[in-house]
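Have a look at the model first, then we'll go through it topic by topic.

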Amino acid sequence: MTNAKIDLYKLHKDEYVTPKKPVLIQTKPAQYLAIGGQGAPGSEPFCAAIGALYSVAFTIKMTHKFAGKQDYAVCKLEGQWFPDGLPAETPIEQWRWKLLIRTPDFIGEAERQDAFATLRKKGKSGIADEANLETIDEGTCIQILH
């Protein structure tokens, strides 16, 4: 192994504050595995997306680790919700979301494609092919524990 295991959650703990009252935080650009969809939290599409995202994340992590490259912890699930002009009374089934898992910057498109190929060979790809890598720069955010 090259170095000690990386834990992005611990390295960026200032961005993952969990106060009882909302606080403003300043985030830096970060890379995520991401998959989007529509529907209520807990719905079949939402749960399928979570499973697909973690399948890709752990496949990339383990392939990287077993190749003798830098090991890292798979981060916790994050989510974004998009009203995109929808009225406040929009039914929960119409909510749009993006699920995210923070991923080290040294993971790239080649690793993502290799994970897809591995999952396809195992018959476990499904919607996993929809997961992509994206850099998100949110800047100033309100952090709140729900």
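Y9 is partly exposed at 24% relative accessible area, while Y16, at 14%, counts as buried (buried is under 20%, exposed over 50%, partly exposed in between, with a 1.4 Å probe and protein chains only). Bear in mind that this is a predicted model, where local features need pLDDT of at least 70, side-chain atom pairs count only at pLDDT 80 or more, and totals for chains, interfaces and linings use all residues. Residues are numbered from 1 along each chain as its sequence is written, and side-chain values use heavy atoms, with hydrogens and water left out.

**Aromatic pairs**
- The structure holds 6 aromatic pairs (Phe, Tyr or Trp rings, the six-membered one for Trp, with centres within 6.5 Å; planes under 30 degrees apart are stacked, over 60 edge-to-face, the rest tilted).
- One of them is the tilted pair of Y9 and Y16, 4.8 Å centre to centre with 40° between the planes.
- W81 and W95 make an edge-to-face pair, at 5.7 Å and 75°.
- W81 sits in strand β3 (residues 77–82) and W95 in the loop between β3 and β4 (96–102), so this pair ties together parts 14 residues apart in sequence (strands are DSSP runs of E, at least two residues, numbered from the N terminus).
- W81 is partly exposed at 39%, and so is W95 at 35%.
- F46, W81, W95 and W97 form one aromatic cluster.

**Charges over rings**
- K76 has its charged end over the ring of Y9, 3.9 Å from the centre (NZ of Lys or CZ of Arg within 6 Å of the ring centre and within 35 degrees of the ring normal).
- The charged end of K61 sits over the Y72 ring, 5.9 Å from its centre.

Definitions and conventions: Helix = DSSP H or I, 4+ residues; strand = E, 2+ residues; numbered from the N terminus.
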